[in-house]
Amino acid sequence: MLEYTLEKDLIDKGYTYVCGVDEAGRGPLCGPVVTAAVILPCGLYIEGLNDSKKLTEKKREALYDVICKEAIAYSICYGTVEQINDTNILQATMDAMKEAINTLSVKPDFALIDGNIARDFPVPASPVVHGDAISPSIAAASILAKVTRDRLCVELDAQYPMYGIAKHKGYGTKDHMEALRKYGPAPIYRTKFIRFLNNDENS
């Protein structure tokens, strides 16, 4: 069971609304990166709440609905393929995290950011390494981001069935790489992530 240790410490210091922020989809070759920000009632117990990577798809889907119902506020945003291509995956992710914080219906006064970077956020923020396994707020954000990203992959698979995106969720599996070499990249692909295709052409 995840404890609200970080959240309670911040509330004891005078903060009122602490949001957890996480992302899904930084590593895949295609599609947007998805970010989420969530403010939970401090101390709220949600059975099974954990790092999204430790949960089954069925459990994540069930928790998604509970989180959306029980959260004080939540927001889901995207770093598009165009943004990733124009800048880089880190910048696109950070920008989408900031947008998720800014679009919460209740303005937070502190943000717990999963990872080791928390620069230039719209509210005071602290990075939390492996935060999705420590903070309930970040874990909730990780689930919203992961479920949303997986649903997007199903939609992308319907548009581009030759790549098998619903199965591998855009990651660089052997089958995915072979499909890319056979069919070439669609507009949903991140150009900096598929440079191996240029190497293939030059070899």
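Hi everyone, let's start with a term: a salt bridge is a side-chain nitrogen of Lys or Arg within 4 Å of a carboxyl oxygen of Asp or Glu. With that in hand, the structure above, which is a predicted model, holds six salt bridges.

Let me begin with Lys53. What does Lys53 pair with at 3.2 Å? Its partner there is Asp51, with 3.2 Å between the closest N and O atoms. Lys53 also meets the side chain of Asp132, at 2.9 Å from N to O. Put together, Asp51, Lys53 and Asp132 form a network of salt bridges.

Are these residues buried or exposed? Lys53 is exposed, at 64% relative accessible area. Asp51 counts as buried, at 5%, and Asp132 counts as buried at 5% too.

Now please look at helix α5. Here Lys146 forms a salt bridge with Asp150, and the closest N and O atoms are 3.2 Å apart. The two residues are four apart in the helix, so about one helical turn separates them. Asp150 is buried, with a relative accessible area of 7%.

Last, the largest pocket. Its volume is about 390 Å³, and 25 residues line it. Lys53 comes back here: it is among the residues nearest the centre, along with Asp22, Glu23, Ala24 and Asp114. Helix α5 returns as well, giving the most to the lining, with four residues. By class, the lining has eleven charged, seven polar and seven nonpolar residues.

Terms used. Residues are numbered from 1 along each chain as its sequence is written. This is a predicted model: local features need pLDDT of at least 70, side-chain atom pairs count only at pLDDT 80 or more; totals for chains, interfaces and linings use all residues. Side-chain values use heavy atoms; hydrogens and water are left out. On a 1 Å grid over the protein atoms alone, a cavity is a set of points where a 1.4 Å probe fits but cannot get out, and a pocket is an open set with protein on both sides within 12 Å along at least five of seven lines; lining residues have an atom within 4 Å of a point. Grid points are joined across faces, edges and corners, and a volume is the space filled by probe spheres set on the points. Ala, Val, Leu, Ile, Met, Phe, Trp, Tyr, Cys and Pro count as nonpolar, Asp, Glu, Lys and Arg as charged, and the others, Gly among them, as polar. Buried means under 20% relative accessible area, exposed over 50%, partly exposed in between (1.4 Å probe, protein chains only).
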